[in-house]
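Hello,

Here is the structure we talked about. Please look through it, then read my notes below.

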Amino acid sequence: MELDSLYQEVILDHYKHPQHKGLSPTFSAQVSHVNTSCGDEIILNIILEDDVITSLTWEGQGCSISQASVSMMTDLLTGKSLEESETIVKSFSELMASKGTSAGDPEILEDAVVFAGVSKFPGRVKCSLLGWMAFKDASIQAQAQ
Ligand code: ZN
């Protein structure tokens with residue numbers, strides 16, 4: 001897999017220095033997701049207050065793509081409203097479905113556009129989406145509380 005070296009650097013930086021890692025003691029919902037094709041695992045805690053995501057924390061293990069993606073996702077979505085988070089998740093899902101044809105919208109996705117190159121590798125798309133799918137699940141469960 002060859003990625004643009006700058007993009008690769010950003011991914012490795014999040015992998016080595018993960019953001020929001022370490023589960024919060026309390027949560028509105030907790031979910032556990034695995035990507036069996038690669039062996040990636042994450043547990044995600046969400047705290048929702050008045051439709052605002054006030055905390056997203058996680059624990060996990062797996063490849064650099066999966067772990068860096070969760071790190072970036074929690075960074076991006078913490079403090080956002082549910083409505084804003086939907087726009088961001090949709091934009092990321094579209095980017096990962098683009099098979100390398102989209103560069104992503106940096107105004108919505110910020111650093112997460114670095115995953116644009118990963119969308120060319122079908123085997124790694126699931127790795128990069130793991131955290132985002134867990135977030136979708138957790139936000140639905142938190143709203144049902
Ligand atoms: Zn993986």
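The buried residues of helix 2 (64–77) pack against helix 1, strand 2, strand 3, helix 3, helix 4 (106–109) and helix 5. Contact here means heavy atoms within 4.5 Å. Helices (H or I, at least four residues) and strands (E, at least two) are DSSP runs, numbered from the N terminus. Helix 2 is mostly covered, with 12 of its 14 residues buried. Among them are Ile65, Ala68, Ser69 and Met72. Buried means under 20% relative accessible area, exposed over 50%, partly exposed in between (1.4 Å probe, protein chains only). Gly79 follows helix 2 and has a positive phi, near 90 degrees.

A note on the source. This is a predicted model: local features need pLDDT of at least 70, side-chain atom pairs count only at pLDDT 80 or more, and totals for chains, interfaces and linings use all residues. Residues are numbered from 1 along each chain as its sequence is written, and side-chain values use heavy atoms, with hydrogens and water left out.

Next, the core. The largest nonpolar core has 40 residues. Such a core is a set of buried Ala, Val, Leu, Ile, Met, Phe, Trp, Tyr and Cys residues joined through side-chain atoms within 4.5 Å. Leu44, Phe115 and Phe135 have the most contacts inside this core. Strands 1, 2 and 3 each give two or more residues to the core, as do helix 2, helix 3 (82–96) and helix 5 (122–143). Helix 5 gives the most, with nine residues. Leaving aside residues up to four places away in sequence, Phe115 touches Ile11, Ile65, Ala68, Ser69, Met72, Phe92, Met96 and Ser128.

Asp40 is buried at 0% relative accessible area, and Cys63 is buried at 15%.

Last, the backbone. Most residues other than glycine have a negative phi. His20 has a positive phi, near 60 degrees, and Asp51 has one near 65 degrees. Asp51 sits in the loop between strand 2 and strand 3, partly exposed at 47%.

Best wishes
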